[in-house]
Amino acid sequence: MTKELEPTTTPDEHSEEPSQENNTTLTPSTPTDSSPATSTPLNEETKPPATAETTAETTADVNIQSGTDLISYKEALPNLIHILPLSNRPFFPHQVIPLVVETNPWADTVKTIVNSSHKLVGLVLCKKDQVNEAGPADFYQIGTVCRLHRVAQAEDKLQIVVEGLQRFEIQEWVSSERPFIVSVNYYPEPRRDNHQEDIKPYVLAVINTIKELLPLNPLYNEELRLFLERFGVEEPSPLSDFAASLTTSTKEELQEVLESIHLLKRLEKVLLLLNKELQLAKAQVEIRKQVEDKMQNQQREFFLREQLKAIQKELGLEKDDRTTEIEKYRKRLSELKVPEPVQKRIDDEIEKMSVLEIGSAEYSVTRNYLDWLTLMPWGKYSEDKLELPPARAVLDNDHEGLEDVKDRIMEFLAVGKLKGSINGTILLLVGPPGVGKTSIGHSIATAVGRSFFRFSVGGIHDEAEIKGHRRTYIGAMPGKFIQAMKEVEHANPVIMLDEIDKISTSYRGDPASALLEVLDPEQNFDFLDHYLDVRFDLSKVLFICTANQLDTIPAPLLDRMEMIKLSGYLASEKLQIAKKHLVKRQLDKSGLQPEQLSIPDDTLAKIIEDYAREAGVRSLEKRLAAITRKAARKLLEGATLPINVTPDNLTDYLGKPLFENEQAIKGVGVVTGLAWTPMGGATLSIEAICIHKHTRGFKLTGQLGDVMKESAEIAYAYIFSQHEHLGIDKSFFENAFIHLHVPAGATPKDGPSAGITMASALLSLGKGQVVEKTLAMTGELTLTGQILPVGGIREKVIAARRVKIYDLILPEANKRDFDELPEYVREGLTVQFVKEYFDVVKILW
């Protein structure tokens, strides 16, 4: 590989100093014997032919002396020359530039050229960057013939100096493989008196542009000096080539200049490139000036600040950074009631900090540690508001319905009022999504006048999130509870642990076990965070946890909480919530005014019935958000105000209803049951049919869990064993293959509460009688026919009301749960409580 070196120098200068590399690459070739070749011009318009007359007139000043005769070097130039490829930019006549050639594989080629009589080589720009892979098609046709002046070995490189003589055009490839040998036609340089009046303005323009460039780049001064030592500024051809070589133009643009044999056109192209270079140089100078000004200002400010510090220190007005930090810590401590062990630790850390180097890593660790210790609210407590009427007003204002939950919270506050504090309590709010568990936590904090901090423990799998990282780790931080204390700035906030039923474990530890220390009133008065490494009292904190279900909460953790169940909202409660809270909130979010959008009560009721039947109100709020968005668009499109959303045009806003009107299915072997789900209550129409009577069998479908499958087996065994007392022909069960299905098939189901419903479906199938009454039931059945209590009574009763079923069968043991329901939930229901299955049979027919 061959490279150009900077700066440009004369052959004499390069004979004494080593060259330096830049990025221009060459590929030299091996010389062969010269042979004559025919010379032809490029074209008549831009490349005038080299006739005998023009040759004589344009011969350069370099002559070769042979004996006593002087001849032009043009007459001595061979027709066959070796060529070397250039990769980055072409080589111009009149340039003298050092090059670097890779010893392998070009040492023999360079040696052959050196040993030749003329020492000439052709430099031609290559179209591709990988010159070692170039072939004849990859070369431009115009290049520069150069004389090799000097060769020096430097490690695995050859340093050579070449001098450009004149342009040539490749006529024929004598050798298309390396070493490349070509037959060429030369283009002598035109003399300066040719067309002088035409080119004089361009020459002056080029000179003036170079003058403008000189102050912008000091390198141009040296190159201009070297040029003037060999040529005059009034010589247009060398001047144009020199000006082009100054620019940082692309190799394609520079090759166009080299190929411009006609001097006037060459000057036009060079002047264009110079102007572009001038603009680029001015922009670089401006950028450099801005950067230097900015750096000077920063340095000036730095020195002034340092001088100011030195003056203030001499006058006793300024302290160093370490002293300032320590005084800041002591000022913080003066406003706190720090326990004695903690104060001792702080004093030790301050003493250690006073002897550490400010720039050391341990100094930063100690400073951060002291920041945390002094920012903790040691002994700072907010005053509780335990008056019951204001607290009840806050709950009523923030939440509609949930009277049982509000009463339970008021009882909790009443106990705190009598005790004088409500510390040492952990509440667990359990209920379906969207019923207001998190907002109730906010309301409790507002009612008692405490700061509120919430973080979700769902998905936490690292014990360090609870108890902090040890300070030996890079980037160590305290746990979430210590971070909460720092943020709220009081030691008795309300901290909500959201989604505690979704906490997980991993190889990093068990966060649920770490929570035991936090949530145990007998332990959390001296909670130890790994980062702080001192005890902090969490006993005054009111912890509120939320969960959708209890199954995934570890039993030891659940045992430390007081549970409050939120079962969900009735349709009437949802209607009031939408009117008082949700509609107003969505209007504010969408930028609409109340007078611009009208959503009457019957429309809200239809939204609740057809689009948002879940236990909470989150889906309802989403539907209202969709309506307000569409209304905002209509408003901007010029709709008539107010925009009325009615039950008739509701589908234009929300599409087709998501829920159809549920109807209790009637038929032989079909009975409606009640079920609990994490989303609230639901009704299930359990179906039983006889497939055939060739063999006895029993099949279950509907994605039933193990407990529900056992309930089905118990129901089948009980009905079969009691067929005589129930009026069923014994042969029916002996020969029938029965299939029992619990829709919907895609929904997993489990639990024992469908026992009496499955038994009733089998009884209806065995007797061949339809249960004419519109009723629903729930209860666990035993093999002896006893009916055991079940959970989720509120959710199941609400689900029955939703589908307009008002006759219910419940276990006798659940009578207390039903009596505890609010009056508006029990109103209009006919509930019959049963202790054994024969009580159910009497109700069915």
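Student: Which residues of helix 7 are buried?

Tutor: In this predicted model, the buried residues of helix 7 are P236, S237, P238, L239, S240, D241, F242, A243, A244, S245 and L246. That is eleven of the eleven residues in the helix, which runs over 236–246, so helix 7 is largely enclosed by the rest of the structure.

Student: And Q95, what is it in contact with beyond its neighbours within four places in sequence?

Tutor: Q95 is in contact with P90, V162, E163, G164 and S245, and S245 is one of the buried residues of helix 7. Q95 itself sits in the loop between strand 5 (80–86) and strand 6 (96–102), and its side chain reaches the backbone nitrogen of F92 at 2.7 Å.

Student: Is Q95 buried or exposed?

Tutor: Q95 has a relative accessible area of 12%, and because buried means under 20%, Q95 counts as buried.

Student: Switching topic, how many salt bridges does the structure hold?

Tutor: There are 30 salt bridges, among them the pair R332 and D371, whose closest N and O atoms are 3.2 Å apart. R332 belongs to helix 10 (residues 321–334) and D371 to helix 12 (residues 361–375), so this pair ties together parts that are 39 residues apart in sequence.

Student: Where do E349 and K352 lie?

Tutor: Both lie in helix 11 (residues 340–353), three residues apart, about one turn of the helix, and they form a salt bridge with the closest N and O atoms 3.4 Å apart. E349 is buried at 8% relative accessible area, whereas K352 is partly exposed at 32%.

Definitions and conventions
Residues numbered from 1 in each chain as written. Predicted model: local features only at pLDDT ≥ 70, side-chain atom pairs only at ≥ 80, totals over all residues. Heavy atoms only, no water. Helix = DSSP H or I, 4+ residues; strand = E, 2+ residues; numbered from the N terminus. Buried < 20%, exposed > 50% of the residue type's maximum accessible area, 1.4 Å probe, protein only. Polar contact = N/O pair within 3.5 Å; in protein donor to acceptor, adjacent residues only side chain to side chain. Contact = heavy atoms within 4.5 Å. Salt bridge = Lys/Arg side-chain N within 4 Å of Asp/Glu carboxyl O.
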